[in-house]
Structure formats: structure tokens, C-alpha cells
Amino acid sequence: MLNTDDLGFDYHTENSERFTKDFMNYVITDVPLFALQDELIYLMHKRNLTNFRVPGYKCVDGQDHIFYFEVRAISENSRIKVYSYKGIDLEKRGMIK
């Protein structure tokens, strides 16, 4: 079992709604996003990444897509890390390097 007790996505925000919409609009999967979230956040944390890539063969347009996040610690408990969605394909759009 993946230990994601101190990790979480930013929930009930405009960013989280945009993440859900972007994921559902681009990624081809029979598995609902809520079932993948623990694995995604666990892998990003373990690999010290703030993004994940979905290969083109799993996307509706046949292109790779990268989902970007910002990680912040909660002031009340610095062990807890929250991943806030920044957007999709920010590098392709020249928004980050």
C-alpha cells in the first residue's frame, strides 16, 4: 500500500476542478482520476517531481502531455505537503523553462 498520509492534492478549489477537467479531456483511461491520485502523488513525491507526463498513446490527441503542480508545506505541520495544480503543457506554451 502506498503511504500518502502526509501528501495531498489541493481539493475543492478552482485549480483542482481545472486539473480534473484537463485530465478527463486529454487522458484516455477507464480508471477514474480519484483512483489514480494516490499513485500519482506518491510517485511525484518519491521522485521529487512537481509534474507528471502522460504518454501520447494514452491521450486523445496522440501527443504527450505534462501536468504541472506547485508543492507547498502546511504551516501548521510542515510534514504535510499539498500539490496545487498549475496547468497542463506549460513548457510547450512557454510559461516555464
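This is a predicted model: local features need pLDDT of at least 70, side-chain atom pairs count only at pLDDT 80 or more; totals for chains, interfaces and linings use all residues.
Which residue just after α2 takes a positive phi? It is N48, with a phi of about 55°.

**View 1. Four strands make up an open sheet with mixed pairing.** Reading across the sheet, the order is β1-β4-β3-β2. β1 and β2 sit at the edges, each pairing on one side only. On average, neighbouring strands here are turned by 25° against each other, with direction ignored. Look next at β1 and β4, which pair in the parallel sense over three bridges.

**View 2. The largest nonpolar core holds 17 residues.** Those that touch the most other members are F9, F19, F23, F52, F67, F69 and Y83. Two or more residues each come from β1 (7-9), α1 (14-26), α2 (33-46), β2 (51-54), β3 (65-74) and β4 (77-88). Which element gives the largest share of this core? That is α2, with four residues. As background, nonpolar side chains in soluble globular proteins tend to be buried together.

**View 3. F69 has contacts in several parts of the chain.** Setting aside neighbours within four places in sequence, F69 is in contact with F9, F19, M44, T50, F52, Y83, S84, Y85 and K86. F69 is also one of the residues that touch the most other members of the core.

**View 4. F19 and F23 form an edge-to-face aromatic pair.** A pair of aromatic rings is described by the distance of the centres and the angle of the planes. For F19 and F23, the values are 6.1 Å centre to centre and 65° between the planes. Why are these two residues separated by about one helical turn? They are four residues apart in helix α1, and that spacing is why. Both F19 and F23 are buried.

**View 5. F19 also pairs with F67.** The ring centres of F19 and F67 are 6.0 Å apart and the planes are at 80°, so this pair is edge-to-face. The pair links distant parts of the chain, since F19 belongs to helix α1 and F67 to strand β3, 48 residues apart. F19 counts as buried because its relative accessibility is 3%, under the 20% limit. F67 counts as buried because its relative accessibility is 0%.

**View 6. Ring pairs link a cluster of aromatic residues.** The cluster consists of F9, F19, F23, F52, F67, F69, Y83 and Y85. The model has a count of 13 aromatic pairs.

**View 7. Helix α2 has a buried set of residues.** α2 has 14 residues and reaches 20 Å from its first C-alpha to its last, close to the 20 Å expected at 1.5 Å a residue. Which residues of α2 are buried? They are L33, Q37, L40, I41 and M44. The buried residues of α2 pack against β1, α1, β2, β3 and β4.

Conventions: Residues are numbered from 1 along each chain as its sequence is written. Side-chain values use heavy atoms; hydrogens and water are left out. A nonpolar core is a set of buried Ala, Val, Leu, Ile, Met, Phe, Trp, Tyr and Cys residues joined through side-chain atoms within 4.5 Å. Buried means under 20% relative accessible area, exposed over 50%, partly exposed in between (1.4 Å probe, protein chains only). Contact means heavy atoms within 4.5 Å. Two strands pair if DSSP finds at least two bridges between them. Axes are lines fitted to C-alpha atoms, for helices over the stretch in contact, and angles run from 0 to 180 degrees between N-to-C directions. Rings of Phe, Tyr and Trp (its six-membered ring) pair if their centres lie within 6.5 Å; planes under 30 degrees apart count as stacked, over 60 as edge-to-face and the rest as tilted. The expected span of a helix is 1.5 Å times one less than its number of residues.
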